[in-house]
Amino acid sequence: MNENLWGYAPTSGHTPDADLSGYRVEAADGRIGKVDKHSNVVGSQYIVVDTGVWIFGKEVLLPAGTITSISHEDRTIHVARTRDEIKAAPEFDEEKHLGDPHYRDQLGGHYGSGH
């Protein structure tokens, strides 16, 4: 398993003490929503994005390795995936999927973890 998918790239601008809640999230081809929650646990870093009306109020979980840059000044996160790639990801249900290794593997396969 490629753990890099579940960790912030050194060039992303992530700082361990930053609260990313409320940051705007931009896919490669447009806005997808705002960060609802995030994890800074090493080896299991991710953001949960509230997509609002974009995909009918659903939330999506994005591994930290999909993040290309974080602008703390603009409160914006850019991810290296398209809106269609994100929309096609396995559906996220916080009560079922947070901490579920099977769901994590599904996301890894979808976003290209290489395992």
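Is E94 buried, exposed or partly exposed? With a relative accessible area of 33%, E94 is partly exposed (buried is under 20%, exposed over 50%, partly exposed in between, using a 1.4 Å probe and protein chains only).

Before you click on, keep in mind that this is a predicted model: local features need pLDDT of at least 70, side-chain atom pairs count only at pLDDT 80 or more, and totals for chains, interfaces and linings use all residues. Residues are numbered from 1 along each chain as its sequence is written, and side-chain values use heavy atoms, with hydrogens and water left out.

**Stop 1: from E94 to its partners.** Select K37 along with E94: their side chains form a salt bridge, 3.0 Å from N to O (the rule asks for a side-chain nitrogen of Lys or Arg within 4 Å of a carboxyl oxygen of Asp or Glu). K37 sits in strand β2 (residues 30–39) and E94 in helix α2 (residues 94–97), so this pair ties together parts 57 residues apart in sequence. Helices (H or I, at least four residues) and strands (E, at least two) are DSSP runs, numbered from the N terminus.

**Stop 2: E91 and K58.** Here the salt bridge spans 3.9 Å, N to O. E91 is in the loop between α1 (83–87) and α2, K58 in the loop between β3 (46–50) and β4, 33 residues apart. E91 is exposed at 56%, while K58 is partly exposed at 40%. The count of salt bridges comes to four.

**Stop 3: the sheet.** Switch to cartoon view and trace six strands in an open, mixed sheet, ordered β4-β3-β2-β1-β6-β5 (two strands pair if DSSP finds at least two bridges between them). β4 (59–63) and β5 (67–71) are at the edges with a single partner strand each, so one side of each has no neighbour in the sheet. Zoom in on β5: four bridges join it to β6 (residues 76–79), and the two run antiparallel. Pick S71 and you'll find its bridge partner in β6, T76.

**Stop 4: T66.** Finish in the loop between β4 and β5, where T66 sits. T66 is buried, with a relative accessible area of 0%. Leaving aside neighbours within four places in sequence, T66 is in contact (heavy atoms within 4.5 Å) with L5, H78, V79, A80, R81 and Y111.
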